[in-house]
Amino acid sequence: MTDTGHTANILGFAHRHLLGIDGLTAEQITFLLDLSDSYVALNRSDDKKTSLLRGRTVINLFFENSTRTRTSFELAGKRLGADVINMSVSSSSIKKGETLIDTAMTLNAMHPDVLIVRHPDSGAVKLLSEKVNCAVINGGDGSHEHPTQALLDAQTIRRRRGNLQGLRVAICGDILHSRVARSNIQLLGIMGAHVRVIAPPTLLPSNIERLGVEAFFDMREGLKDCDIVMMLRLQTERMQGSFVPSIREYFRFFGLDHDKLQAAKPDALIMHPGPMNRGVEIDSELADDIDRSLIRDQVEMGVAVRMACLDALTRTLRSNSEERAAAQAGGAA
Amino acid sequence: MMSSSMNPISRKNPGRVAYINARLLDPTSGTDETGALLSDGTRIADVGPRLFNDGLPEDAQVIDCAGLCLSPGLIDMRVQLREPGAEHKETIESASRAAACGGITSMVALPNTEPVIDDVAVLEFIARRAREAKLVKVYAYGTITRGLKGRELTEFGLLTEFGAVGFTDGLTAVADSQVMRRALSYSRTFRQVIIQHPEDPALASGAMNEGEVATRLGLTGIPAAAEVIMVERDLRLVALTGGRYHVANVTTAAALDAIRKAKRAGLAVTCDTAPQYFTLNENSVGDYRSFAKVSPPLRGEEDRKAVEEALADGTIDVIASDHSPHDQDSKRLPFAIAEPGIVGLESLLPLSLQLYHNGKIGLLDVLSKLTSGPAAILGLSGGSLAVGAPADLTLFDLDKPWQIDPDSFQSKSKNSPFTDYPVQGAVKRCIVDGRCIFGTDDARES
C-alpha cells in the first residue's frame, strides 16, 4: 500500500461520482479511509454535527428496499449538516427503467448536490449519473458494485489490523449475485490483500479467477490460514431448489460455525454486510462473539465512511462556491 | 412457390437500360470481369464482357458505371420491419428506404410483428404496404407456431400459398422438441425451410455472453453452450424427419462445428450470421452499452474468429443484417432490461466487405452470402446476373472509405453500435426490377 495520506490534488478526490471501486487508485482509497478516520472520532463525540454541507441537499433515491444503508447515508448527510431527503421508488413495475430516467430528470430539476442511488439492475446507477448534474454515489446496483460497503469493510479491517497489504481474506457465500463481493474483490486487490472466494459452483460467476481471486468449493480448504472471513447474505428466495437445494444443506457445508472457523488463523476476524440470516450462512453465537465478530464495527464505520464520501465528492462544489463568494465580496468592495 | 402478389414494384415498364463499363460480379456463375449489362423491363436481357462491342443500343438509357462493381441486388433474409404494431420504431416504408440505401433489393421480414404473422391476413397486409412503398421487394416468413407460443403449428400450406418464404418463430426458439419435430416434418409437404433462433431458452435467460466481462459487470451470462445445445438437438430432429433447417444468427465455434459436421453428413442444413458477430466481441458492451446488446449476445474473441473462419470455409451460407430497430425508450434502460438488437440494413454491405478488405474471404464469396446464398435457401428468383433473371442490381464503389453515421440512416431507429466505425465500400445505386430506386441518376425517367 502506498502511504501517501493525501494525493497531490488539494481536493483529494478527482472523481465527480462514486459509482464503483473499479477505477479508483490505492491513493484515492487511502485518502477516503484516512478521511473516514477523522469522522469516526467525530461520531464518537457528543456533538456529532458539523456544518460542512450546510445548505446542501442530499437525496437518498432507493429503487430497492434498504434499511441500514439508507439510514447510514441519512445519518452521514445529517451529521455533515446537509438536508437529507429519502425517496423510495417501487421498482416492481415493468417500466422501472423509464421511471429511472424520468425520476432522474425530475430530481435533477430540484438541484440536489448529491444523489445516493440504489437500484436492482446492474449499471442502472451509471446510466442515471449520465442524466444529472450533481454528484452520484452508488448505494448498490444489481450484482455490480456497492462501493461504500467495500470502503467500510476496508476501514473496519484497517482499524483492527493496521493495514490491508498481504492479508488473506475469504469471501464466502452467494458471490454470483453479490455486489458486495465484487466491490470487495476490487478494493482488496487494489490494496494488496489476497482474496479467496468460497461457494458452491452454482453461486460462483464464471471466470471469477480472472478478477484475481482463488476459488474454493470447500470451506475448510478455503479458510485455511485466512486473516479475515467475510460472510455474504444468502437471499432465501434463491434457496428454492435452484441454486442450492435447502437451507439445512447450505448451512451444513457453507455456513460459518466454530468448527469450520478452526481452519482459519486463530485470530481470524469475521465480517458480514448484514442483514444476517442466523443459522443460514452464520452460526448465531459466532455472530455475537465480540472477540471474533466485526459486524458491529462495520455498522459504525459505515456512517464515517459515507461522511467521508459525501465530504470528498462535494469538495469541488464547495471550493467553487467559496471562490464565487470571494469574487462577489471582492466585487462589492 | 413464390406468390407474385408480394412483388411491390410498379407495373410501369422501366424500358431498356444499358449499364456499361461495370465490373460485373456474379457469384452464381463466378464472373468477375469488366463488361456491360442490358436490362429490358424487369429482366436482365443480356450481359457480358463484349456486349455492345458493336455499338450502344439507341433505344436504351445508358449508364456509365465507370468501373464500379455491379452485382445482383442484395437479399437480406433477416429483417424486423416493426409494421404492423411498432410503427414508432420502423415502418415498411422507412425500412424499404433504408434497404434501398444499403443496396438491398429484397428483404425478408421476421414474423414477430404485432399481430404476429401466423395468419394470411397479416401477410396480405404486409404485401399491400410494400406495394404502396414501391421500393424494394418485401417478403415475409410465417411463424412456426401460433402466436409464437411454441405449441400449435400454423397453417404452413395456406401461408405458403399467400407468399410466406419460410417459417420461423423469430427471436424465440422453438423449445419443445416434439413441436420442432412436427414442424420439420410437416414443412416438407410444402418444401419450406424451418428457421431456428439458436438458443436454449432456459440457459439463455441472461443479458450478455457469460464470461469475465459479465462477471465484472454483474450481469447474468448466457453460456455459449445454450447455442450448441439447441443446434445439436435440432440436427438430430433434421436427421429424423428429413426436414430443411436453417440456423439464424450463429455466433459460436461449437455450434458452427456441429453445423459443419451435419453438412458433411449431407443433412439439408444452412445457416447465417450477422455483421456484428464477425466484427465485434463482448468487449463492445463496455460500460453497459445497450446498443451492443443483441440476441444471441456478442461472444468472446475466440468465437468471433470462429465465425470469420466459418464464413471463409463456407459453413455459413448467408450474412443477414438482423435489422432490429429500437427507439431510445427501448434502449436507454439498465442493460438487463434494454431490448436487444441493432439496425443493420444500411451497414450490411460495407461491414460484410470488411471480410474482403481484410483478406479473409474472396469478393465473390462475400457477395454470394448476400445474394445467391439467401436466394437459394428461400427459393427466390434474384441473386444472379443471368439472362432472364430479375433486373435487381446493386452498383457499389468497392474501395470508398467512410465512417458509419447512424444519425444519417433512413431507418426510423438509430440503434447501432457502429458509430464512427471506419468501413470501405459504398452503395451508389440500387435497382429493383429494372428501376433505379436509389442513386444519383433516376432510371424511372427514361
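Student: Hi! In β3(B), which residue is the bridge partner of Leu37(B)?

Tutor: That's Val47(B). Keep in mind as we go that this is a predicted model.

Student: Noted. How do β2(B) and β3(B) pair, parallel or antiparallel?

Tutor: Antiparallel, over five bridges, with β3 of chain B covering residues 43-48.

Student: And which residue takes a positive phi in the hairpin of those two?

Tutor: Gly41(B) does, near 65°, in a hairpin that has two residues between the strands.

Student: How many bridges join β1 to β2 in chain B?

Tutor: Nine, and these strands also run antiparallel: β1(B) spans residues 16-26 and β2(B) residues 31-40. To pick out one pair, Val17(B) is bridged to Ser39(B) in β2(B).

Student: What about the hairpin there: how many residues lie between the strands?

Tutor: Four, and Gly30(B) is the residue with a positive phi, near 80°.

Student: Over to chain A. What is the strand order in the open sheet of four strands?

Tutor: The order is β2-β1-β3-β4, and the pairing is parallel. β2 (83-88) and β4 (135-141) of chain A are the edge strands; each has a single partner, so one side of each lacks a neighbour in the sheet. From one strand to the next, the twist averages 15°.

Student: How many bridges are there between β1(A) and β2(A)?

Tutor: Six, in the parallel sense, with β1(A) made of residues 57-62. At Phe62(A), the residue standing opposite in β2(A) is Ser88(A).

Student: Switching to helices: how many of the eight residues of α12 in chain B are buried?

Tutor: Seven of the eight, so this helix, residues 363-370, is largely enclosed by the rest of the structure. The buried ones are Leu363(B), Leu364(B), Val366(B), Leu367(B), Ser368(B), Lys369(B) and Leu370(B).

Student: Is Cys309(A) buried or exposed?

Tutor: Buried, with a relative accessible area of 2%.

Student: Which cysteine sulfur is closest to that of Cys69(B)?

Tutor: The one in Cys65(B), at 10 Å, so that pair is too far apart for a bond as well. Cys69(B) counts as buried too, at 3% relative accessibility.

Note on methods. Residues numbered from 1 in each chain as written. Chains lettered and ligands numbered in written order. Predicted model: local features only at pLDDT ≥ 70, side-chain atom pairs only at ≥ 80, totals over all residues. Heavy atoms only, no water. Pairing = 2+ DSSP bridges. Axes fitted to C-alpha atoms, helices over the stretch in contact; angles between N-to-C directions. Buried < 20%, exposed > 50% of the residue type's maximum accessible area, 1.4 Å probe, protein only. Disulfide = S-S within 2.5 Å.
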